[in-house]
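Please read this briefing alongside the sequence and the model. It is arranged by topic for someone meeting the structure for the first time.

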Amino acid sequence: MNHASLARLERVYHFFGQRAESGDAAQIPVLADVSLEVRPGQFVCVMGPSGSGKSTLLHVLAGLTRPAAGRVELGGRSLGELGPAEVTRQRRDTVGFVFQFFNLLPNLSVWENVSIPLAIRGEPIAERRGELEGLLQRFGLGGRLPALPHQLSGGQMQRVAVARALAGRQPLLLCDEPTGNLSQENGREIMHSLRRAVDEDGRSVLLVTHNPRDAAFADRVLFLIDGKLDPGQALEGPGLDPAKVHASLTALAI
Amino acid sequence: MTLATTIAWSSLRRRPGRALFALFGVALGIAIVVAIFTVDHTTLASAPGGAAEGFQADLEVRPKPGLDDVRAALEQVPGVIESTATFQSDGRVLVVGQAQQGAPLRIVAVELERARSMGLFQLENSIEPADDGLPGVYLGRRTAQSLGLSAGDPIALARPLRPADETCVDGRMELRSSGERAPPWQRARVLGILAFENLGRTSGGDLALVDFAFGQRLFEQAFVEPRYWLARDQTVDLERTRAALAKDFAYDLRAGSVIGQQADERAFRNGVRLAGMMALALGLFVIFHTLSMSLLERVREIGILAALGAGRSQIAGAFFLEGLALAAGAAVVGPALGLALAKFLLVNHVSSLGITGRVENLFVVPWGAVSALSALGFAVALLGSVFPLLEARGTDTVAALRGESREAASVARAFHLFSAVLIIGILPLVFFLVIDFVGEDSRELLGVVLMAVGVLALLVGTPLLVPSVVGRLAGLLTRPLARRWPFSGLLASRAIQTGAPRIAAAVAAIALVAAAFVGLRGMTKSLWLETDRWADEALTDRLFVEGLPLVAWRALAQDLEGRGLVRAVEVGSQRIDAPFRILGLDADQLRRVGPLAADPGLAEAFARGEGLLISRRLAEQRGLGVGDTVPIATPGSGVVPLAVLAVSDQYGYFRNPHERAYGVISADLIRRLFCLDVEVAESAVLHLAPGTDPLLVEAALMGHLAERGLPGQPRTFTGAQVRRWELDDIERDFLVFDVILGLTAFLAAVGVLNGQLLSALERAQELGVLRALGASGRQIAGSVLLEGAVVGLLGGGLGAFLGQSLVPVAVRSLEVLSGLDLAVPAPDRALPAALVGALCLALAAGLYPIWRMVRTDPVRAVRGG
């Protein structure tokens, strides 16, 4: 076990529609012999076409789904050796999530959504009020604290989601197509904030996307094709050319 | 704030409408039962006590002549837990050491220890008996104050010199001189002063309470007829006690002591309580439905929280807190609403004995029952939040994040199974443990329990067992409507298909109310028919006259008969309660009509005073038939047994006071036994010749009085009028049920409304897309109304069928409980009324969801996330 890794997948298999322990070889593999590592301060991107298993990879890594086979480490601990409650705690302490469809809690205001990770951990919010307000200010949401999600634009909702992920101070951010429902400009804004989180705050990011422009922000781009991840085909960044990323993806997908 | 409080509070705050309806559903259910029990408690508390300055035992009996062992006979009577022999008479008291003649007072002799255990007297102060051999006496407050006596003082008591004793002997009041010397004084010691309660009120507090043995010594040479006062076990059915007493005793039951305990009253009160439990169950069903169906809407929320690292206990805690807040709110609002409702009902003269059981200026709250019912509603409502809590713990996070949820049907099935256990099993069990039903632990109670559970089973069984059947029936009903409104019909049929369990639950709630309505109407109709049948015998061709100026009725009768207007006259000035109402009527008049006209032998026996005629109601109440013997207590002749000669309602009914349980003896016999004047009348019942116009009779009556210069304006009422009033009384008596039914219908509507609101929320995105594609608000509204129409028709139809099927059962139960002879009525307007009412209710319940759906921003709906 490599303690320098924040998150690690070792020879993971997962099948479509199966329960964790069955692993029937005749079923369609969503993940086939996938190995992956994210180190501290690293921005890793996994690219693949729609339906390639990218979201499943994130779910397995976050402990939301148990793989059919293989080893999953999160925060230095093997999830296979932990019970459900411990997995949840490990996820809570290690991972911040950003979803494609924002997934804000509809009945909570902007302020309440952003501070929910603290409430989950039972941390007093008052001690970090200034920090959270500053974070929201940075995202241009300083004047929208009492607003409900349905009162926000798509871009604003995703910025709240990113702020929520950052507010928890977890070392690893898992981002599932965070710009998928945004305009180009809003999407770029989100990606810049993720890049800042790595460069300025020392976080790690694992991004799954099919958008080459988003992938170009990463330090390392891996390609998930037909459930397989080939590290040999990875592109090393930062500062990758989106056109090159797109070309690689296209070539591998055909 | 913790995660649970943040989530719960924001959910309640941001969805106030849903929270309000869920809270209101439970609160209304609690309010109805609280109101019922408060009204019932106040009704019982309104029972008149003893006279202001006198005392009347709840149950006083006199043994028939020849009964040797009275005590042994009393011990065999069910429901009698204690008895004391007693008699009372005038006497005199002397303060020892003071020169005086002696002051008059009332001497009451009882078996002191028994009387004390029965609570017949209370003491303001007392001392222990001294060893001086003097018998102890308790003095009334007024006697003690006027003579300056207190505990420990020596006194002397004596009976008065017997005056010429006035007794009714063979129709004449006779004076019997005693011819005795002054009776001796007997010394005694004052052991205490009686409180001015119960026995202490006798003669306004001018009394001496002595032990029975001492009293017998005091009145050694005088005849004093002993009686017995009984303490009754209230849980034993009154009818059993009465039936057992009637064999060997004449008894007098103080009306106020048994209010609400007679069989028909018990049936009424139990029925009201049962209706209350139905309402509570329906209210709880509403909150179950709301809390549980809302789970489907919030599955994604659960997934997000789990993905963010919230533990299942934390998530479940949020649902639990939300349920706790709603249940607590209902537990506070419900009783307050219930007490307000009870006050409103009582102010409008609606009691648990119907509207004729008036309660004036009284409001007594049974805080024990109110607290218990509120706690029960709170606990079961809270348990209802356990289901979504369990579901929340079991939700698959990834599926939830994708917006997938367990198939709605399987969630609904689990919910209904859970609520079935709660509503059929736990709620009735706890309800019956907490609240006492009226009457003995017997068949009637078991019948009530079985009926209650059966109806509850309908409520939860239908959606659980046959949601698909209900869904298919609903689909069939939608088709013809969809032909007229294609697009709305399409939306409605899709909503019905995908929400079959929800539709079935709504149908069950509506059916419950419809069945209750039809069943109640059936019961009311059976009572109506019974009264109508009685009226045929007792009121047809009658004219009731009241307020006559003490006219010599024979002359009046002769005058009216001479004009061919009247066949017979009953005069109503002679009536005695011994132990039931007894009227003395002229035998010659009675032999012209009814059974006595048909049987001359019977008429002769009646005229000779060989027996009595009894009304059908009295016969039912006491289980009497022709040939049975009834002991009649008389002032001068002791207890006189009379045989029942016939059972008929043709004679003896007088409008004021209304009493259907009575006996009729000949006027000659009542004069002989009770020395009552039989020649003048204040009121009369005229048997009219068939086809006679009552106005003619009234005119002739007034003419007769005017000719003789008799003052006053007597009032007349035709038999048809009295029949109408009696039949209307039945409707008024059942008003309390109508009130409960109305509130329960409102609850059912809230349940239907909640279901449609949740359906709208589930389908918000779908509806948003349709609106974006050009569907109008009117078309969407039409689909909701169509769905409501289907629910109403199905629920009303099922309920009407079920209710009509239950009518024979309900009537039979009422028959057994009340002792009345009831017929099962044929189906009538109640059936279509139930159907139409259910339809209107379901349509009305859709109005608010329509308003919400039409207001929803389609853009927001399609955006999702």
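This is a predicted model: local features need pLDDT of at least 70, side-chain atom pairs count only at pLDDT 80 or more; totals for chains, interfaces and linings use all residues.

Residues are numbered from 1 along each chain as its sequence is written, chains are lettered from A and ligands numbered from 1 in the order in which they are written, and side-chain values use heavy atoms, with hydrogens and water left out.

**The interface of chain A and chain B**

- Counting as contact any heavy atoms within 4.5 Å, 28 residues of chain A are in contact with 27 residues of chain B.
- The area buried between chain A and chain B, that is, the accessible area (1.4 Å probe) that the two parts lose on being put together, summed over both, is about 2500 Å², and carbon and sulfur atoms give 58% of that area.
- N103(A), N107(A) and I120(A) supply 26% of the area that chain A buries against chain B, which is more than any other three residues.
- The rule for salt bridges, which asks for a side-chain nitrogen of Lys or Arg within 4 Å of a carboxyl oxygen of Asp or Glu, finds 2 of them across the interface of chain A and chain B.
- R13(B) forms a salt bridge with E112(A), and the closest N and O atoms of the pair are 3.4 Å apart.
- Polar contacts are pairs of N or O atoms within 3.5 Å; within protein, one atom must be able to donate a hydrogen and the other to accept it, and residues adjacent in sequence count only if both atoms are side-chain atoms. Across the interface of chain A and chain B, 4 residue pairs are in polar contact, with both residues at pLDDT 80 or more.
- With helices (H or I, at least four residues) and strands (E, at least two) taken as DSSP runs numbered from the N terminus, the elements that give two or more residues to the side of chain A that touches chain B are helix 1 (54-61), helix 2 (84-94), helix 3 (110-121) and helix 5 (154-167) of chain A.
- Helix 3 of chain A gives the largest share of that side, 4 residues.

**Salt bridges over the chains**

- Side chains of opposite charge can pair when their charged atoms come close.
- Over all chains the count comes to 49 salt bridges by this rule.
- Residues are called buried under 20% relative accessible area, exposed over 50% and partly exposed in between (1.4 Å probe, protein chains only).
- E189(A) and R159(A) meet through their side chains in a salt bridge of 3.2 Å, N to O. The pair links distant parts of the chain, with E189(A) in helix 6 (residues 184-199) of chain A and R159(A) in helix 5 of chain A, 30 residues apart.
- E189(A) counts as partly exposed because its relative accessibility is 35%, whereas R159(A) counts as buried at 13%.

**Helix 25 of chain B**

- The expected span of a helix is 1.5 Å times one less than its number of residues, so the 14 residues of helix 25 (residues 694-707) of chain B should span 20 Å, and the end C-alpha atoms are 20 Å apart, which agrees.
- V697(B), A700(B), L701(B), H704(B) and L705(B) are the buried residues of helix 25 of chain B. They lie on the same side of helix 25 of chain B because they cover an arc of only 135° around the axis, the arc being that of the directions from the helix axis to the C-beta atoms.
- On the other side of helix 25 of chain B, the exposed residues are L695(B), L696(B), A706(B) and E707(B).
- The cover over the buried residues of helix 25 of chain B includes helix 19 (553-562) and strand 15 (566-571) of chain B.
- D693(B) caps the N-terminal end of helix 25 of chain B, with a side-chain oxygen 3.0 Å from the backbone nitrogen of L695(B).

**Helix 11 and S648 of chain B**

- The 18 residues of helix 11 (residues 367-384) of chain B should span 26 Å at 1.5 Å a residue, and the end C-alpha atoms are 25 Å apart, which agrees.
- S648(B) is found in the loop between strand 20 (638-647) and strand 21 (662-666) of chain B, and S648(B) is buried, with a relative accessible area of 5%.
- The side chains of S648(B) and E537(B) are joined by a polar contact of 3.4 Å.
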